[in-house]
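Open the model in your viewer and keep the sequence panel beside it. The tour below goes from selection to selection.

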Amino acid sequence: MELSSFIFKRLILMIVVIFGVLVIVFVVTRIIPADPVGAILGGNAPPAAVDEMRHQLGLDKPIFSQLLDYLGGVLHGNFGNSLVSNRPVITDIMEYLPATIELAVSSILFAIILGTTLGLLSAVFRNRFIDHFSRIFSILGISLPGFWLGLILILFFYYRLGWLPSGGQYDMFASPTRITGLVLLDAIITGEWNVLLSGITHLILPTFILGYASTATIARIMRASMLDVLHQNYIRTARAKGLPKKTVILRHALRNALIPVVTVIGLEFGGLLSGAVLTETIFAWPGLGRYIVNSLLTLDYPAVAGGTIFIALIYSVVNLVVDILYAALDPRMRA
Amino acid sequence: MGKTSSDGKMKGQSAFREFLRERKPMLDDFRHTLYLWKKTPLALIGTVIICLFLLVALFAPLLAPYNAVATDLSRKLQAPSAAHPFGLDQFGRDVFSRVIMGTRIEVSIIVVISVISIVIGLVVGIVAGYFGGIVDEILMRITDIFLAFPRLVLAMAFAAALRPTLTNAIVAISLVEWTVYARLARAEAMKIRSQPYIEAIRAVGAGNIKIMLFHVLPMSISPIIVQLTMRMGTIILTAASLGFLGLGAQPPLPEWGAIVSDGRSYLMNNWWITAFPGMAIAVIVLGFNLLGDGIRDILDPRIRR
């Protein structure tokens, strides 16, 4: 199959899937909850007010026309108003999204750099100290609950040592100018160096907690893939023709070993979005994950719907990009 | 007398030898597996951790020194001591007893989620793979839709919509987990469907349901069991995360994630409420991951010899 027709087919599939996502979110936030009106007005509101509210929300219409109204709204970027902030949900999301992007990007960068390095060293120095260290580090990374490790690190680095802040995106006294909403980038643009420094110190613990599991997975895949490649005949040939070991590893082996790692990095991004929910909650990080959790706990269903749809959209787009990249790298995957 | 008895013994021995000889391939296979098991010490450690965990869950009421839910405010927030190795929480409850009793909750979470998600996954996957065509297309697109959400986020939404309780958290996680098994079962069903013996069975007159139930299903079970051991750690982590976020087990249930969350406000001065239950989660998940890794290593022929 041509790459372009593969991409076309995947795009069509994605539209079908997104439609399904909207329907599931509709069912979860509008049909399963027993009493959305009670959640807004409180348990003992007068019946007249309840009826009024049901009418306002369109809950007195047949379910199918509710669904159509809802889908129509979403296609116009209208997710309704948050019951807590009383603002359009989309405005809320746009305010919280940059913080999540900043955290996710810094975490995946951390994971890629540390994970590939550990995996590479592990494979090259198989069964030596660095290999054992990296394998223990990795198995702990996928086993330790991030929310717990985060709290323990706060206990040490904030309460006991006082080296790092316990949460938030920057110090209370700092008042960053908001341009893109990405604190670090804005600080660089405006030259607010104290904000930049404060932003970086606030980013350290959340980045480690969110990136640790991905680091572990990337290191494991990198190690396995590298070991696989190092046993191939062409590596032996390269060594036999007298190339130095370093050249063989970095120029011949590493390139081929990176292909499966690229896929895993893409898949890890989805895990990162799940992890962001917990990390943001622990570190009071003003991102989309914490927004969804708070909305769930306050039964703010329009906000839950908007946030969930947005996360699913980001996740699907990332997966699509990974699939296309993979298909471009390896034609066998286009079937 | 003595002679007959020794004759009988000899006879018995030779019969036993015969018995062993007949089953030599099976025994060798078993011995080989055992050998590989011993060669992967990490898998052995994982097995030991999980066995201990199951034993603790089985005998939890005998092992827990104090009542796990009864409060005693006069003794709240005591630090770990000989009498209370994990200390006391903000309601004066023994954290050690709560962690011990919590093993039962964690075991039931794993068992129930595994059963529900495997049943849904098997039905969807086998039907899709066996019939193929439009049925396959529809079922797999539905699976894709569930996979379009980050797992935890979808589980959170289900759990909150159903009202957060332990049971609803279990239902919510199962509704997210089944996709893994559906894809596996589909792949197996597609492989088996095209085998000649299935054609033969059909020619003899077996119906679709009979073929799926008695011929496709048993063949697709083993890869699913292997996958399950690798997913169990994640299942526990997800359940604990829901508990931690307040969307799973509710107080005073001693679910580990919920206890970690309980201790959060007391972290600075009373770290033990958070530290120990979290460590329990870490150890169990580690056990399952070590076992899963070991099984994968044993099954992967490249690492095998």
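A helix here is a DSSP run of H or I with at least four residues, and helices are numbered from the N terminus. With that numbering, go to the loop between α4 (63-75) and α5 (89-124) of chain A and select A:Asn86. Keep in mind throughout that this is a predicted model.

**Stop 1: A:Asn86**

Most residues other than glycine have a negative phi. Is A:Asn86 buried or exposed? A:Asn86 counts as exposed, because it has 7 C-beta neighbours inside 10 Å and the cut-off for exposed is 12 or fewer.

**Stop 2: chain A as a whole**

Now select chain A. Chain A holds 13 helices and 0 strands. Its pattern along the sequence reads α-α-α-α-α-α-α-α-α-α-α-α-α. Colour chain A by burial, and 39% of its 335 residues count as buried. Next, look at contacts in chain A with a separation of 6 or more: 70% of them are between residues 24 or more positions apart.

**Stop 3**

Select residues 245-282 of chain A, which form helix α11. How far apart are the end C-alpha atoms of this 38-residue helix? They are only 45 Å apart, while a straight helix would reach 56 Å at 1.5 Å a residue. Centre on A:Leu254, where α11(A) bends by about 45°. Then step past the end of the helix to A:Ala284, which follows α11(A) and has a positive phi, near 45°.

**Stop 4: chain B as a whole**

Switch to chain B. Its secondary structure comes to 13 helices and 0 strands. The order along the chain B sequence is α-α-α-α-α-α-α-α-α-α-α-α-α. Chain B is more spread out than a compact globule, because its radius of gyration is 25 Å, well over the 19 Å that the globule rule gives for 305 residues. Its C-alpha atoms fill a box of roughly 75 × 70 × 35 Å along the principal axes. Buried residues make up 43% of the 305 residues in chain B. Of the chain B contacts with a separation of 6 or more, 69% are between residues 24 or more positions apart.

To put a distance on screen, pick B:Ile45 and B:Gly132. These two are 87 residues apart in sequence, and their C-alpha atoms lie 42 Å apart in space. B:Ile45 belongs to helix α3 (residues 41-58) of chain B. B:Ile45 is partly exposed, with 15 other C-beta atoms within 10 Å.

**Stop 5: where the chains touch**

Show both chains. The contact takes 37 residues from chain B and 37 residues from chain A. Which helices of chain B each supply at least two residues of the side that touches chain A? Select α6 (133-147), α7 (151-161), α10 (208-245) and α12 (272-299) of chain B. The largest share of that side, 9 residues, comes from α12(B). Colour the chain B side by residue class: 27 residues are nonpolar, 6 polar and 4 charged.

**Stop 6: the cores**

Select B:Val153, B:Ala155, B:Met156, B:Ala169 and B:Ile236. These have the most contacts inside the largest nonpolar core, which has 151 residues. Zoom in on B:Val153. Leaving aside neighbours within four places in sequence, B:Val153 is in contact with A:Leu273, A:Ser274, A:Val277, A:Ile292, A:Thr308 and A:Ile311. A second, separate core has 6 residues, among them A:Tyr170, A:Leu184, A:Val195 and A:Leu196.

**Stop 7: two loops of chain B**

Pick B:Arg163 in the loop between α7 and α8 (166-193) of chain B. B:Arg163 is not a glycine, yet its phi is positive, about 80°. B:Arg163 counts as partly exposed, with 15 C-beta neighbours inside 10 Å.

Finish at B:Pro252, in the loop between α10 and α11 (256-263) of chain B. What kind of peptide bond joins B:Pro251 and B:Pro252? The bond is cis, with omega about 5°. Most peptide bonds are trans.

Technical notes. Residues numbered from 1 in each chain as written. Chains lettered and ligands numbered in written order. Predicted model: local features only at pLDDT ≥ 70, side-chain atom pairs only at ≥ 80, totals over all residues. Expected span 1.5 Å × (residues − 1). Bend = angle between axes of the 7 residues up to and from the residue. Rg over C-alpha atoms; globule rule 2.2 N^0.38 Å. Buried ≥ 20, exposed ≤ 12 C-beta atoms within 10 Å, placed from the backbone. Contact = placed C-beta atoms within 7 Å. Nonpolar A, V, L, I, M, F, W, Y, C, P; charged D, E, K, R; others polar. Core = buried A, V, L, I, M, F, W, Y, C linked by C-beta atoms within 7 Å.
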